Amino acid sequence: MIDGQRLRTKIVSTGSYLPERILTNQDLERIVDTSDQWILERTGIRERHIASDTQSVSDLAIEAARTAISRAAISVDSIDLIIVATITGDMPVPATACFLQRSIGAHNAAAFDINAACSGFLYALSVANAYILAGLYRRILVVGAETLSKFTDWEDRNTCVLFGDGAGAVIVEGVEGDNGILSIDIYSDGTMAELLHMPGGGSKHPPTSDTINNRMHYIKMKGNETFKVAVRTLEKLVTDALTKNDLTASDLALLIPHQANMRIISATAARLGVDMDKVMVNLHRCGNTSAASIAIALDEAVVAGRVKPDDIILLEAFGGGLTWASALIRW
Ligand code: COA
């Protein structure tokens with residue numbers, strides 16, 4: 001509380017970027033043994049955007065960040081902190097957030113990355129929220145960005161049909177009043193770490209010709225097991241977020257889920273009793289962009305006029321770690 005007013009973290013602008021190149025299900029039929037019908041029925045994905053050979057993840061992050069900064073009409077010098085959520089950083093060191101800081105010229109900002117896989121954007125938002133509520137920073141740039149195509153095994157039909165590239169960004173600020181983040185919750189369960197992982201390239205399996213030959217530098221996922229845990233976990237996650245804020249599903253103007261699988265999205269909406277016209281879906285165009293997915297979907301919802309002042313919106317994610325997270329926001 002400041003002068004009797006509650007301090008909240010408010011998203012004051014959004015931005016997103018999708019690479020130009022589009023890979024359709026028909027394109028994939030020519031790469032692996034799959035079909036448009038299988039992909040559509042099992043996932044809901046029709047196409048995904050793929051970064052060019054020369055685009056790294058910071059290039060995508062920069063585009064999304066520039067849009068968010070310009071829409072907020074702020075000086076880059078006023079940004080106190082940059083957090084980038086990604087599992088496909090430009091390189092292990094330094095943080096992708098530092099490349100982003102350099103490119104946009106945000107000289108006064110601290111910068112670091114967060115790895116929480118598909119929950120990464122909400123994890124980053126929760127860190128930003130904590131800094132703002134603690135009074136340490138006033139204005140923070142939060143980005144979710146991925147170039148999963150660079151770490152996808154294009155010989156593995158179980159995974160290569162799922163992922164896409166892209167970036168989303170928000171500027172958050174501490175604002176007094178009732179609008180902003182009402183609650184944000186993050187969770188992990190490392191006992192299921194191997195359900196979704198990239199085994200090679202870290203200190204456990206440093207890069208060698210063997211790790212390359214054994215295809216250990218690609219993302220591996222036990223899709224079916226992950227699917228079951230996701231559906232189970234998300235139901236409790238979204239219900240808990242509403243209950244702790246004395247709200248019900250009927251109060252929601254929009255649900256913005258992580259875009260991994262249409263069957264997971266529909267199941268979560270059905271369990272909540274939310275009509276699909278109140279659910280933001282861009283999975284068919286974007287595929288699963290991991291940490292970028294909610295940030296891109298949020299930006300697209302804002303641009304399309306689907307989020308209006310005072311609307312209650314619920315963001316939810318589930319991904320590798322395992323990790324999961326929710327954010328309830330009064331816009
Ligand atoms: N094309 C055609 N067939 C495919 C295929 C593809 N691209 N990928 C897998 N298959 C086959 C499998 O080999 C298997 O064949 P089999 O029965 O002969 O062994 C069959 O399809 C079923 O595979 P299964 O893994 O059980 O399918 P599924 O219904 O679980 O769907 C996913 C697979 C990956 C789409 C789904 O499990 C999923 O979305 N999982 C969760 C993803 C997620 O939420 N991740 C966390 C956040 S990123």
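How many residues surround the ligand, and which are the closest? In this predicted model, local features need pLDDT of at least 70 and side-chain atom pairs count only at pLDDT 80 or more, while totals for chains, interfaces and linings use all residues. Residues are numbered from 1 along each chain as its sequence is written, and side-chain values use heavy atoms, with hydrogens and water left out.

**View 1. The residues around the ligand.** The ligand is surrounded by 24 residues, of which the closest are Thr34, Arg42, Cys118, Asn224 and Asn261; a residue is counted here if one of its heavy atoms lies within 4 Å of the ligand.

**View 2. Polar atoms facing the ligand.** An N or O atom in the side chain of Thr34 is 2.7 Å from a nitrogen atom of the ligand, and an N or O atom in the side chain of Arg42 is 2.7 Å from an oxygen atom of the ligand. A polar backbone atom of Arg157 is 2.9 Å from a nitrogen atom of the ligand.

View 3. Leu255 lies in strand β11, residues 254–257, a strand being a DSSP run (E) of at least two residues, numbered from the N terminus. Leu255 counts as buried because its relative accessibility is 1%, where buried means under 20% relative accessible area with a 1.4 Å probe and protein chains only. Leaving aside neighbours within four places in sequence, Leu255 is in contact (heavy atoms within 4.5 Å) with Ala269, Leu272, Lys278, Val279, Met280, Leu314 and Glu316.

Definitions and conventions. Helix = DSSP H or I, 4+ residues; strand = E, 2+ residues; numbered from the N terminus. Buried < 20%, exposed > 50% of the residue type's maximum accessible area, 1.4 Å probe, protein only. Polar contact = N/O pair within 3.5 Å; in protein donor to acceptor, adjacent residues only side chain to side chain.
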